[in-house]
Amino acid sequence: MSQHPEVPGDPTATTTSLLEKATASIQRFGPISHIHQHLCAFHFYSHDMTRQVEAHHFCGHLNEEVRQCLIYNSPEPDARLIGIEYIVTETLFDMLPDEEKPMWHSHDYEVKGGYLFMPGIPGPVERQDMEKVAKTYGKTIHFWQVDRGDNLPLGIPQIMFALTREGQLYDELAQDVERRYKVSFAAEKEKRKDIEGPEMGRHPLANGAGKGLQTVLKEVDVKPPSGTTPRVFV
Amino acid sequence: MSTSSDEPAMGAKKVEGAGEPIPPGKPMTMEQHIVDKGAMMLQRLKPMKQISQHGCSFAIYSHDMTRQIETHHYCTRINQDFLQCAVYDSDGSHGRLIGVEYIVSDKTFEALPPDEQKLWHSHAYEIKSGLWVNPRVPEVVVKPELENLAKSYGKFWCTWQLDRGDRLPIGTPALMVSPQGVNMGVPSPELVRTRDLKYNILTEAIRDSRVEIAEPEWLNPMADYWKQHGKGFKIDVEPVDMKLRAPFP
């Protein structure tokens with residue numbers, strides 16, 4: 001199935017696009033101007049490895065140890081914003097409460113397997129960053145399930161994981177990306193053999209602590225201010 | 001397991017005056033600066049270049065309406081009926097990414113299934129009251145866009161609860177609702193004043209200038225679920241058996 005469903009709606013009106021050209025030229029996009037890296041990789045749903053998504057990460061560093069990324073389904077101008085990923089060093093990951101750790105995934109195999117790459121970046125520069133990324137952990141949330149053909153962002157957020165070993169990624173998906181970006185995962189894998197993962201090895205609580213994770217929507221009472229229970233909301 | 005309504009994580013008591021940087025971590029090394037600058041020059045980052053407006057407004061946690069936050073939306077239009085926005089806590093270059101909001105026209109919203117609609121909020125009040133502003137853009141320029149937005153609906157997931165002092169993004173995504181003119185939907189005057197000072201604006205004056213913007217003829221009652229039902233939503237995470245293709249992890 002196409003992972004780029006057509007969003008329903010009228011073409012952007014000329015007046016709207018002119019207006020937005022104006023706002024874009026007047027406004028400063030502070031946090032957006034801080035995004036300076038495009039990483040391509042694959043995610044799968046934390047409850048279903050058979051649903052795999054090509055994920056284009058556009059990342060900015062908050063400091064040396066924390067990156068925040070917008071995830072799109074493509075690197076093109078009409079890309080759909082499908083999720084978010086936070087990437088932290090092993091040191092910061094270790095500080096997370098234990099009940100939080102399962103929502104984070106390891107990056108060592110994605111790097112060593114050659115699957116994580118920076119489109120358009122020369123090997124030696126890419127390698128410098130890959131050595132760092134291999135030791136990090138990521139927390140990825142997708143809001144838009146383009147892989148099942150949703151033409152709008154429907155339903156609740158999904159926790160996503162990354163590849164952790166051989167045999168998980170579908171060949172068709174891999175080959176499609178290799179062809180479009182003129183990369184070879186096998187060749188990269190060979191070059192990255194000596195890159196090392198987290199100092200302490202993969203944390204056993206990461207990657208769902210070995211289980212799948214499923215998000216569930218719960219209805220809760222709206223918490224009223226200072227313990228009063230309003231009877232009427234409108 | 002974790003829920004979006006957990007207590008403050010990692011021992012943080014509050015955001016202001018805690019003295020610890022958020023997030024924690026070492027300063028950028030020169031080496032990383034060079035990699036990043038090089039990447040920015042060589043990579044085209046096309047989706048970033050499509051971002052066409054910055055809106056500043058406020059949002060409220062659906063599961064705890066006593067908690068309100070200031071938001072900075074950076075939005076890309078996919079078509080006349082659909083915007084996708086990255087949401088940050090500030091407009092500075094080190095603004096922290098706190099979530100994603102999708103905005104659809106009333107036409108698109110009406111076609112959604114009812115179970116989906118209850119996750120969305122209306123924008124009419126936020127626009128009419130002057131809470132949503134496009135910083136530095138003259139009102140007269142942005143008016144046609146405001147007329148569109150007044151009829152739109154949004155779905156906003158917050159992934160980093162900075163207001164409770166989380167130094168790193170902890171817990172499950174939280175559904176957010178929009179400010180409304182009633183009850184717990186009214187944003188705190190202090191929060192609004194802080195924002196107004198930053199941009200040297202007056203929300204009340206902006207509200208007065210927007211009287212002519214048409215109120216939508218009808219707001220779908222499935223949106224703003226809390227107003228009708230007094231209920232909010234939260235996301236839980238449950239361990240399950242993963243559908244596998246190869247062993248995991």
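This is a predicted model: local features need pLDDT of at least 70, side-chain atom pairs count only at pLDDT 80 or more; totals for chains, interfaces and linings use all residues.
The contact between the two chains takes 117 residues from chain A and 109 residues from chain B. The size of an interface is often given as the accessible area lost when the parts come together. For chain A and chain B the buried area is about 10,100 Å², and carbon and sulfur atoms give 63% of this area. Eight salt bridges are found across the interface of the two chains. In a salt bridge between Lys218(A) and Asp236(B), the side chains meet at 2.9 Å, N to O. Polar contacts across the interface of chain A and chain B amount to 58 residue pairs. On the side of chain A that touches chain B, strand β8 (residues 212–221) of chain A gives the most, with ten residues. The residues on that side of chain A comprise 64 nonpolar, 30 polar and 23 charged.

Strand pairing also links the two chains. Strand β8(A) runs antiparallel to strand β8 (residues 231–240) of chain B, and ten bridges join the two strands. Within this pairing, Phe233(B) in β8(B) stands opposite Glu219(A).

Within chain B, strand β7 (residues 174–177) pairs in the antiparallel sense with strand β1 (residues 51–61) over two bridges. Here Met176(B) of β7(B) lies opposite Tyr61(B). Strand β7(B) also pairs with strand β6 (residues 153–158) of chain B, again in the antiparallel sense, over three bridges. In this case Leu175(B) in β7(B) is the bridge partner of Trp157(B).

Asn134(B) is located in the loop of chain B between α5 (124–128) and α6 (139–150). Asn134(B) counts as buried because its relative accessible area is 4%, and the cut-off for buried is under 20%. The side chain of Asn134(B) takes part in two polar contacts described here, one with the side chain of Gln53(B) at 2.7 Å and one with the side chain of Trp132(B) at 3.1 Å. Leaving aside residues up to four places away in sequence, Asn134(B) touches Gln53(B), His54(B), Gly55(B), Val142(B) and Leu146(B) in chain B, and Gln27(A) in chain A.

Technical notes. Residues are numbered from 1 along each chain as its sequence is written. Chains are lettered from A and ligands numbered from 1 in the order in which they are written. Side-chain values use heavy atoms; hydrogens and water are left out. Helices (H or I, at least four residues) and strands (E, at least two) are DSSP runs, numbered from the N terminus. Buried means under 20% relative accessible area, exposed over 50%, partly exposed in between (1.4 Å probe, protein chains only). A polar contact is a pair of N or O atoms within 3.5 Å; within protein, one must be able to donate a hydrogen and the other to accept it, and residues adjacent in sequence count only if both atoms are side-chain atoms. Contact means heavy atoms within 4.5 Å. Buried area is the accessible area (1.4 Å probe) that two parts lose on being put together, summed over both. A salt bridge is a side-chain nitrogen of Lys or Arg within 4 Å of a carboxyl oxygen of Asp or Glu. Ala, Val, Leu, Ile, Met, Phe, Trp, Tyr, Cys and Pro count as nonpolar, Asp, Glu, Lys and Arg as charged, and the others, Gly among them, as polar. Two strands pair if DSSP finds at least two bridges between them.
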